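Subject: Structure handover

Hello,

I am passing on the structure we discussed, with notes on what came out of the analysis. Please have it open while you read.

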Amino acid sequence: MGKIFRFHSDVDTDQIIASQYILFPTIDEMKTYAFESLDPTFASRVQPGDFIVACENFGCGSSREQAPGVLKALGVKAVIAKSFARIFYRNAINIGLPVIVCKELYDQVADQDHMELLMQEGLIRANGQTFTCTKLPDQMQRILDQGGLIASLNKED
Amino acid sequence: MGHTIIEKIIGRNTGKDVKPGDIVTVNVDRVMIHDIFIPFVADKFEEMGFTELWDPDKVVLIYDHLVPASQVDDTRHFRTGNAFVKKYGLKNIHRSDGICHQLMTEAGYVKPGHIAFGTDSHTTTYGCVGAFSSGIGYTEMASVLGTGQMWIKVPETIKITVNGKLPEHVTSKDVILRLIGDLGADGATYQALEFTGTAIEAMSVASRMTIANMAIEAGAKCAVFTPDEKTADYCGITLTDAERSLKGDPDAGYVREICYEASDLVPVMACPSQVDNIRPVRELVGVSIDQVFIGSCTNGRLEDLQCAAAILKGKKVAPFVKLIVTPASRKIYREAMADGTLAALSEAGAIITHPGCGLCCGRAGGILTDGERVVATNNRNFLGRMGTSKVEIYLASPATAAACAAAGKIVEP
């Protein structure tokens, strides 16, 4: 079980990690500034195993891979949204951060509720309810299973 | 069944008869990496165990976001980039020639029918010459640098038709802003936008670039225009039959079709702080402003600067308002210098900066603070994009922006 941090629609990559931090040499140096403009306390409150739950179009905007990068570095177990912007979605899979489309969850949970993700089964349990998630395309699931694109490429060799 | 332009480009690249939803591996014609992400690309490239680039001729490195450096730490990106260039024999590098998305077509790297990827979301711009181009992350880029290939899902296509003649002072920026407002910020996610119609045919390549550049603001994977004689002139090529045939077939399968009559369109703005928050300028008249920015890969081209200069002719920038003009490339800067455009803008009171990303990425050259309001011709008005998160950014065409600079408040051009 992990805690839910709930966000609205159209959260852009500047809001996830602002431009002034993406030049820091490492993701670890950036991660404490995640969601700074929306919730400056986020980075200190989130715990490994917690979840981001968002409405539509999560991660729109720039191609910065630091956006999924800081969430993974903070220990976010998965992002579950009604829909994702495509570059964020692809970047997340490539670095091994599960991004899961679930149309119903957002409307049935509140910030700081608890949830459980059963990735293999494609199910989420929260507040006594069970929700079904959309499956990833096989190509993406393979990359994610292997821990991201680097691990996946090295495996092919 | 016929094909859309994007299906034709991907089909030719892969030698397959593709349809939307197919997952295929494409051979990449060009890639672009800019200064912000080169250190990360370099790290990942070596972490993947690659020892050489798949084809150094096809890789372009462009310093634009950080040029010239405004923070000491920025220089690390140039050092890392230069070391990467030397180590892997990269030949195409631009250290101060302008914005990446301007240079990729201006310097002839991307041609009709190409498939190109860049480490920036506005890589969609190259669709202006009939290419398929899209933004990717730095890990993905590292993989392309080593393999020359990338897997993609063939996108569905939305067909946008604009027929007729645009009214005076209504530009391609107003067309794309209106479309983003109608589609919504996620209205074209994972999809391609294909533009056609007499108003599109009448547009310069520069105007088409503005539209392709902002396709990502509706979530689109790419935007594409049929190559024509203007494209051929711009690219310095003679179109082949294959390039000419990059048009949507009458029986192609579109997921959606949207039509506009050009004469119905009006000057519009994207209001704070979402690009799809579109309103006619006439509803915003009188709102006070502190700064105007004319530039960026969206609207920093010669025709944009000429349009602003014409509107400001015989006028002065209003007191207490700063007008910042940033040409998109050195070539544009020199052309605007030669034809008197920069002199006219300067005479009106504009601050003219070096070519580059400048204020658009909020790192230098006119940062604003809480409560300030800016009218800008770039592509994003997100919170914190040009300074603090309490700066209000209104996106507009160069015509509207110039008129606002003279008036010191929002007015119609």
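The notes below go from the confidence scores to the contact between the chains, and then to some features inside each chain.

Confidence

Please keep in mind that this is a predicted model. Its scores are ipTM 0.92 and pTM 0.96. For chain B the mean pLDDT is 97, and 100% of the residues reach 70 or more. Where pLDDT is low, predicted coordinates should not be read in detail.

Contact between the chains

On the chain A side, 30 residues are in contact with 35 residues of chain B. Three elements of chain A give two or more residues each to this side: helix 1 (13-16), helix 5 (86-95) and helix 8 (149-156). Helix 5 of chain A gives the most, with six residues. Sorted by class, the side of chain A that touches chain B holds 11 nonpolar, 12 polar and seven charged residues.

A hairpin in chain A

Strand 6 (residues 123-126) and strand 7 (residues 129-132) of chain A run antiparallel and are joined by four bridges. Within this pair, Ile124(A) stands opposite Phe131(A) of strand 7 of chain A. The hairpin that strand 6 and strand 7 of chain A form has two residues between the strands, and Asn127(A) takes a positive phi there, near 50 degrees.

The sheet in chain B

Chain B contains an open sheet of five strands in the order 4-3-2-5-6, with parallel pairing. Its edge strands are strand 4 (92-94) and strand 6 (132-135) of chain B, each of which pairs on one side only. On average, neighbouring strands of this sheet are turned by 15 degrees against each other, direction ignored. Strand 2 (residues 30-34) and strand 5 (residues 115-118) of chain B run parallel, and three bridges join them. Here Arg30(B) stands opposite Ala116(B) in strand 5 of chain B.

Two packed helices are described by the angle between their axes and the distance between the axes. Both values are given below for each pair.

How do helix 2 (residues 38-47) and helix 5 (residues 138-147) of chain B cross? Their axes come within 8 Å and cross at roughly 55 degrees. Helix 2 and helix 5 of chain B are therefore oblique to each other, and their crossing is right-handed. From helix 2 of chain B, the residues that meet helix 5 of chain B are Phe40(B), Val41(B), Lys44(B) and Phe45(B). Their partners in helix 5 of chain B are Tyr138(B), Thr139(B), Met141(B), Ala142(B), Leu145(B) and Gly146(B). This contact of helix 2 with helix 5 of chain B divides into seven nonpolar residues, two polar and one charged.

The other pair is helix 12 (residues 302-312) and helix 14 (residues 341-348) of chain B, with axes that come within 9 Å and cross at roughly 45 degrees. Helix 12 and helix 14 of chain B are therefore also oblique to each other, but helix 12 passes helix 14 in a left-handed crossing. Helix 12 of chain B makes the contact through Leu305(B), Gln306(B), Ala308(B), Ala309(B) and Leu312(B). By class, the contact of helix 12 with helix 14 of chain B has seven nonpolar residues, two polar and no charged.

Regards

Conventions
Residues numbered from 1 in each chain as written. Chains lettered and ligands numbered in written order. Predicted model: local features only at pLDDT ≥ 70, side-chain atom pairs only at ≥ 80, totals over all residues. Contact = placed C-beta atoms within 7 Å. Nonpolar A, V, L, I, M, F, W, Y, C, P; charged D, E, K, R; others polar. pLDDT = per-residue confidence, 0-100. Pairing = 2+ DSSP bridges. Axes fitted to C-alpha atoms, helices over the stretch in contact; angles between N-to-C directions. Parallel < 35°, antiparallel > 145°, perpendicular 65-115°, else oblique. Left-handed = near helix turned anticlockwise from the far one by under 90°.
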